[in-house]
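The exercises below are meant to be worked through with the sequence and the model in view. Try each task before turning to its solution.

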2 protein chains.
Amino acid sequence: MSSSIKVFAPATVANVGPGFDILGLAMDNIGDQLELTLRDGTGIAIDMPGSDLPTDPKLNVAGVSVQGLLDQVGSNQGIHITIHKNVAPGSGLGSSASSAAGAVFGANQLLGSPLRKYDLIKFAMMGEAVASGKAHADNVAPSLLGGFTLVRNYYPLEVVNLSFPKDLVIVVIHPQIEVKTSDSKRILRKDIPLEVAIKQWGNVAGLVSGLASADYELIGKSLEDVIVEPVRSMLIPGFGELKTAALENGALGCSISGSGPSVFALCNDPEIAEKVAKSFKDEYTTLGIDHELYISNINEEGAKIISA
Amino acid sequence: MSSSIKVFAPATVANVGPGFDILGLAMDNIGDQLELTLRDGTGIAIDMPGSDLPTDPKLNVAGVSVQGLLDQVGSNQGIHITIHKNVAPGSGLGSSASSAAGAVFGANQLLGSPLRKYDLIKFAMMGEAVASGKAHADNVAPSLLGGFTLVRNYYPLEVVNLSFPKDLVIVVIHPQIEVKTSDSKRILRKDIPLEVAIKQWGNVAGLVSGLASADYELIGKSLEDVIVEPVRSMLIPGFGELKTAALENGALGCSISGSGPSVFALCNDPEIAEKVAKSFKDEYTTLGIDHELYISNINEEGAKIISA
């Protein structure tokens, strides 16, 4: 049992297409890195070099998550956590989830792995609740488990790892603008027409079936969100142009990552992904919007040890 | 090319669990039988021995469906259709769909198969529109194609054959009571809370994923309809008792077939299916309700030729 560990937990795309609040996927090449060290005495101490986020463990997503784990296993072990944020807060790429998932994963390792990865989801959700006010699981589940995940149920929590074709490539562009989560929540309607809901769950069924059978045409057609995207896309400059460019360049589909402002395109060919990325970049360069661009496979492993 | 053909088109369970308006499955051992014969001159003539349903081809689901097909292929061939109804009208087992699917399938065969089965769905839907006022596809699709089908989209029509484990067994009980489709439609709310819709599409995703991976536990948990069943089940006597009995006897799940009043249970073991069927029978015997009982595998072939 090591007394220090370095871990990685991936950034994630939640609300994938029609799968609002239920579908998420993990990215390969972007995520927070955390160092966790056992320390003498009790209490969690947190450093976040270069970040303005709160380091008080009661207000910090990693602190709250790890405290939940410690309480569960009945430990008062002191732990020092250094978080290197790579996933920008407010990006729509599961920034808080990446820190929460990495922290509980690392702490569980340091404690001798008393719990399975799956059982850590609920503690990372406690961290999410601190960050967003709601203990949602659609980012922390893929960040911990990797892959393409379904949160089928909350009470009790049930997360399913979906089958998906391994050659999928995600292109994500993160415009450097601020969209308040409270705004993106507020503009959603509380009630929706049954007819529209039927269309949405038809697409959910098509997407899950297409992923399971590697039917790219079905995946593409099903990556349509008729409820949330039409509303939230109004908060994202150039969304329509990005989507048109993605589809014209051969992406299977394109939608909002999480609650935005990041936009993702799903592709099944690295060359197409490169073209889509270039079209995204061109669009935001024309509009004069600073941005970060990512091209990634779907991460199959989730949170992992970098060194111990 | 034969001048006469005898065909079978299966009864179907639509609105499977959470898949309201999108998921349907075909049964193996119940369905309408139709004889279709080319006749001199033009026009469609229909006989339905022992049935009170209209035989005027403009008012009959089979007549309207076959006329749609004839119009599409530019034929004015006369066809005589004799329909032996085995699927009771108003049972919730796709009675009109069985006649419509059998009729277009048989007529297409007699015409030398100008169209594929898949392309016949839209003509059978025309028949459905005559019977129910709405050209829905969730019964005609499985009756024609067999298996477990998803109607992902209507405009344009897109039907997907889902993967499913072949050992599933369906138990259906049809209480001999009348529930008017207009009643079962009217009591549905036009708007639903977004939170409830999310729960429903989580279950849709779980069901499709469970079927694809033969995860029986996931199938069972996902066979939950939080929107339609709570309302429509009030029109079905003893529904709560049937469902409890089904689950206690080991069924994966239990819900309403179509818009009722038939109730189905999904099982993964023939012995469990027998037990569930007995418990259904006992329940309705106690309540003094006449009923028909069916135990069936999922039909993989759909509409088929019996003799030509």
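**Exercise 1: the overall form of chain A**

Task: Decide how the radius of gyration of chain A agrees with that of a compact globule.

Solution: In this predicted model, chain A has 308 residues, for which a compact globule would have a radius of gyration near 19 Å, and because chain A itself has 19 Å, the two agree. As a next step, consider the extent of the C-alpha trace of chain A, which spans about 60 × 40 × 35 Å along its principal axes. Turning to the interior, 54% of the 308 residues of chain A count as buried. Finally, the secondary structure of chain A consists of 10 helices and 12 strands, and among its contacts between residues at least 6 apart in sequence, 72% join residues at least 24 apart.

**Exercise 2: where the chains meet**

Task: Find which element of chain B gives the most to the side that touches chain A.

Solution: Begin with the contacts, in which 35 residues of chain B meet 35 residues of chain A. On chain B, the elements that each supply at least two residues to this side are β5 (148-153), β6 (158-162), β8 (191-193), α6 (194-213) and α7 (216-222). Of these, α6(B) gives the most, with 14 residues.

**Exercise 3: a strand pair across the chains**

Task: Determine in which sense, parallel or antiparallel, β8 of chain A and β8(B) pair.

Solution: Strand β8 of chain A, residues 191-193, pairs with β8(B) in the antiparallel sense, over 3 bridges. Within β8(B), D191(B) is the bridge partner of P193(A).

Technical notes: Residues are numbered from 1 along each chain as its sequence is written. Chains are lettered from A and ligands numbered from 1 in the order in which they are written. This is a predicted model: local features need pLDDT of at least 70, side-chain atom pairs count only at pLDDT 80 or more; totals for chains, interfaces and linings use all residues. Two residues are in contact if their C-beta atoms, placed from the backbone, lie within 7 Å. Helices (H or I, at least four residues) and strands (E, at least two) are DSSP runs, numbered from the N terminus. Two strands pair if DSSP finds at least two bridges between them. The radius of gyration is taken over C-alpha atoms; the globule rule is 2.2 Å times the number of residues to the power 0.38. A residue is buried if 20 or more other C-beta atoms lie within 10 Å of its own, exposed if 12 or fewer, and partly exposed in between; C-beta atoms are placed from the backbone.
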